[in-house]
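Colleague: I would like to learn how to read helix packing and strand pairing from a model. Please take me through an example.

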Amino acid sequence: MAAQIFRIAEHRIWREYAEHFKSKDTAEAYLTEIAEFEKTCKINFFHMTGKNAEMYYTYLLEKEASGKMSMSTLSKKFWELHSFASYAADRKAEFELPDTFEDYFYPWLKRLRQQEKFVHSVPMEDMDALYQAVQEDLMAYTIIALIHRAGLSSNEIAELRPENLAVYENGTFAYIEGRETVCYIPEDVSVILENYLSRREPADYLFYNRTGGPLNKMYISRMLKKYTQKAGIPAYSAEKIRTTCGTAMFAYGAKPGQVAKQMGITKTQIQKYHNRQYRDHLLVKANELVKIKIEPPSY
């Protein structure tokens, strides 16, 4: 890494760029970011390609998704790399940089802004602990899986009815009032949902309270408080768990539009559409990118 820093630091364009910093520490921080990019991508900064910028973006996003980095730190890193790359690209002829050199970081800044709503994700180890704690409560387990993996909100969970679910050849979907498109239910969650449906009592709503009536946000909030305490983890809200769905999809390469759609089972009371596929194949493929699988509860 030291050698990479030295090459950039000794370049005329860097010395000119660094003159606008009031603090030497700031300049060194920028150099460190550049060196980290070069080391990770195994490429000289001035010989990078768009693929290198995309690779680095994915690398950092995976660190954020695993709780090793905050989204604000990720954004700061990309903004600093963009700042220097933009300055250098505008002067590449003057400083005899490669003709192919461009500011390949800029396109990713827009995506980072689109991801701000998903920044507060829950670490995977905490989700694992939560699933372990809720093993014996199938309804709660199913609710958490739908929030975590399908990106449903508390209100959407409370308003779901069995007839809102449909199975096509290419997957399970939920038709949710107020959404412009259907919500794809990942395969691992549809298995859990099918198990729940085979065991639930008849009721108008998919999930219900002791009297058979619909749930509300307070019920789900109390349920999460109970099981996060049992798991020995912070009292995560449904909304915070829900953001993890979007973060995971982004981390594995889903496009912003695909994530927006996602967030926006077998007999029982599920309507099945034989020999038909839901038309939005991209919605299925986007979620299939996510290498997370929730196992059914063991009891």
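**Strands, then helices**

Modeller: V167 stands opposite T172 in β2. The model is predicted, so local features need pLDDT of at least 70 and side-chain atom pairs count only at pLDDT 80 or more, while totals for chains, interfaces and linings use all residues. Residues are numbered from 1 along each chain as its sequence is written, and side-chain values use heavy atoms, with hydrogens and water left out.

Colleague: In which sense do β1 and β2 pair, and over how many bridges?

Modeller: Two strands pair if DSSP finds at least two bridges between them; strands are DSSP runs of E with at least two residues, and helices are runs of H or I with at least four, numbered from the N terminus. Strand β1 (residues 165–168) pairs with β2 in the antiparallel sense over four bridges, and a hairpin of two residues joins them. On β2 there is also antiparallel pairing with strand β3 (residues 183–185), over three bridges, where F173 stands opposite Y184.

Colleague: Which way do the residues of β2 point?

Modeller: In a regular strand the side chains alternate between the two faces of the sheet. In β2 (residues 171–174), G171 and F173 point one way, T172 and A174 the other way, and all are buried (under 20% relative accessible area; exposed is over 50%, partly exposed in between, with a 1.4 Å probe and protein chains only).

Colleague: Which residues of α7 are buried?

Modeller: An α-helix has 3.6 residues a turn, so residues three or four places apart point the same way. In α7 the buried residues are D126, M127, L130, Y131 and A133. Seen down the axis, they fall within an arc of 160°, so they line one face of the helix; the arc is that of the directions from the helix axis to the C-beta atoms. E125 and Q132, on the other side of α7, are exposed.

Colleague: At what angle do α7 and α11 pack?

Modeller: Axes are lines fitted to C-alpha atoms, for helices over the stretch in contact, and angles run from 0 to 180 degrees between N-to-C directions. For α7 (residues 124–133) and α11 (residues 217–231) the angle is about 105°, with the axes 8 Å apart. The two are therefore roughly perpendicular (65 to 115 degrees; under 35 is roughly parallel, over 145 roughly antiparallel, the rest oblique).

Colleague: Which residues of α7 and α11 meet?

Modeller: Contact means heavy atoms within 4.5 Å. A129, L130 and A133 of α7 meet L224, Y227, T228, K230 and A231 of α11.
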